[in-house]
Amino acid sequence: MHSPHSPRRNLVTGGAGFIGSHLCERLLDAGEEVLCVDNFYTGARRNIAHLLDRPGFELLRHDITFPLYVEVDVIWNLACPAAPVHYQRDPVQTTKTSVLGAINMLGLAKRLKAPILQASTSEVYGDPQVHPQREDYWGHANPIGPRSCYDEGKRCAETLFFDYRRQHALPIKVARIFNTYGPRMHPDDGRVVCNFIVQALRGEPITLYGDGLQTRSFCYVDDLVDGLIGLMATPAEVTGPINLGNPVELSMFELARIIVDFTGSASQLAYAPLPQDDPRQRQPDITLARAALGWEPKVELRDGLRRTIDYFDALLGTSTK
Ligand code: NAD
Ligand code: UDP
Ligand code: UDP
């Protein structure tokens, strides 16, 4: 068990991914130890290269659909491809990661009596018919569509978390993460923020799906990590599910305009078909997070986009300067 005199040892699954790498870094900065477990399915070594030599950081290549026997104090379960292009490439593996991965990590948590946090998603609400989405909304998800491996996998993982709590009194925390963006997103993951930025930087057409009037609400990654850390620090009776996201909602058309403007790009808008089951609108109600964690996002969309554009600019070797 954790002694107050030794640094806390954190298992971060999916630690080489976009959000996971920021979480690993933040925990190390706070003087804690990190065991980063990742199978590099969508993660990248470059995301954690700067952490490899830091004291207290350890990397293990492992697929969480298989059992894992390690000794840690706290578990952050982030492993799962998150972008539609990635999670639809091998949908069966996506469901296995969410469901078998959750079972293994919950089994580990049960043996260690360790608190465990699940990175759930706004996708559990499906194409929501209640707006904005509150945690007590049960959602409107298609069980057999192309997004189902992700949506239903994450829904089942939530079920498992709450059953482990009811059956084994496990200390659980479930965060429902809404669209998050920032440095270390994958340049080719097809998600709207990176697509638009990469297209704008390269002077290629900006691909707007459907009429571009569908909405999303984007949270900068630093704010999101603050929320995850805040949730883990809450008393045991706070289990969630709890929405973490930025309630500032905008259409994809508006997003395209801002990114073209910020990059000074000559790119034109190009309309393309809307993918199947693409949610029409999405906005978190974060009343619960404000009350339980005293948390709300601080980074303005425009500031976060500038930092993200700078990251892609350096990564792609383009220059807007
Ligand atoms: P990401 O794809 O960058 O990171 C996921 C990481 O998990 C990758 O490093 C990948 O290699 C690893 N991984 C995948 N399957 C694995 C397996 N079977 N075993 C071990 N490692 C595995 O995605 P992200 O955006 O950083 O998302 C992290 C978590 O947050 C995911 O669980 C995702 O569902 C959730 N989430 C993200 C967003 C978002 O907007 N980024 C929104 C909602 C929820
Ligand atoms: N598990 C694991 N690491 C551990 C303990 C368990 O990976 O330290 C896995 C184990 O393989 C099992 C799963 O977690 O399949 C669920 O464990 P649990 O104890 O809940 O179930 P049981 O072992 O009774 O099936
Ligand atoms: N989108 C778009 N052009 C792109 C990529 C995405 O218009 O090049 C739209 C997509 O149809 C969706 C929104 O942007 O309505 C957000 O898509 P993303 O894949 O980033 O996330 P999710 O749909 O999972 O929220």
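Which residues in α1 meet Val-221, Leu-224, Val-225, Leu-228 and Ile-229 in α7? The reply comes in point 2, after a word on conventions.

1. **Ground rules.** This is a predicted model, in which local features need pLDDT of at least 70 and side-chain atom pairs count only at pLDDT 80 or more, while totals for chains, interfaces and linings use all residues. Residues are numbered from 1 along each chain as its sequence is written, and chains are lettered from A and ligands numbered from 1 in the order in which they are written. Helices (H or I, at least four residues) and strands (E, at least two) are DSSP runs numbered from the N terminus.

2. **α1 against α7.** Ile-19, His-22, Leu-23 and Arg-26 are the α1 residues that meet the α7 group; two residues are in contact here if their C-beta atoms, placed from the backbone, lie within 7 Å. The two helices pack at an angle of about 65°, and their axes are 10 Å apart. Axes are lines fitted to C-alpha atoms, for helices over the stretch in contact, and angles run from 0 to 180 degrees between N-to-C directions.

3. **α8 against α10.** Helix α8 (residues 252-263) and helix α10 (residues 301-316) have axes 11 Å apart and an angle of about 55°. They are therefore oblique to each other (angles under 35 degrees count as roughly parallel, over 145 as roughly antiparallel, 65 to 115 as roughly perpendicular and the rest as oblique). This crossing, too, is right-handed. From α8 come Ile-258, Ile-259, Phe-262 and Thr-263, and from α10 come Arg-302, Leu-305, Arg-306 and Ile-309. By class, that gives five nonpolar, one polar and two charged residues.

4. **α6 against α10.** Helix α10 has a further partner in α6, with axes that come within 10 Å and cross at roughly 55°. This pair is therefore oblique as well, and α6 passes α10 in a right-handed crossing. On the α6 side the contact uses Val-193, Ile-197, Val-198 and Leu-201, and on the α10 side Thr-308, Ile-309, Phe-312, Asp-313 and Leu-316. The class count here is seven nonpolar, one polar and one charged.

5. **Ligand 1.** There are 29 residues around ligand 1, and Gly-14, Gly-17, Phe-18, Thr-42 and Gly-43 come nearest; a residue is near a molecule if its C-beta atom, placed from the backbone, lies within 6 Å of it. Two or more shell residues come from each of α1 (18-29), α4 (91-112) and β5 (116-121). Helix α1 gives the most, with three residues. The shell holds 13 nonpolar, 14 polar and two charged residues.

6. **Ligands 2 and 3.** Around ligand 2 sit Pro-67, Leu-68, Tyr-69, Ile-103, Asn-104, Gly-107, Leu-108, Lys-110 and Arg-111, which divide into five nonpolar, two polar and two charged. Ligand 3 has 14 residues around it, with Arg-191, Val-192, Asn-195, Thr-207 and Tyr-209 coming nearest. At least two residues of that shell are supplied by each of α6 (192-202) and β8 (206-209), and β8 has the largest share, three residues. Seven nonpolar, four polar and three charged residues form the shell around ligand 3.

7. **Backbone spots to look at.** Most residues other than glycine have a negative phi, and most peptide bonds are trans. The bond from His-131 to Pro-132 is cis, with omega near -10°, and Pro-132 lies in the loop between β5 and α5 (148-168). The bond from Gly-240 to Pro-241 is also cis, with omega near 0°; Pro-241 belongs to the loop between α7 (221-232) and β11 (242-244). Ala-169 has a positive phi of about 55° although it is not a glycine, and this residue is in the loop between α5 and β6 (172-177).

8. **The record.** An unreviewed UniProt entry lists residues 11-308 for "domain: NAD(P)-binding"; positions are in the numbering used here, feature names are shortened, and annotations may be inferred rather than shown by experiment. In this model, residues 11-308 are 38% helix and 17% strand, with the end C-alpha atoms 27 Å apart.

How values were computed. Nonpolar A, V, L, I, M, F, W, Y, C, P; charged D, E, K, R; others polar. Left-handed = near helix turned anticlockwise from the far one by under 90°.
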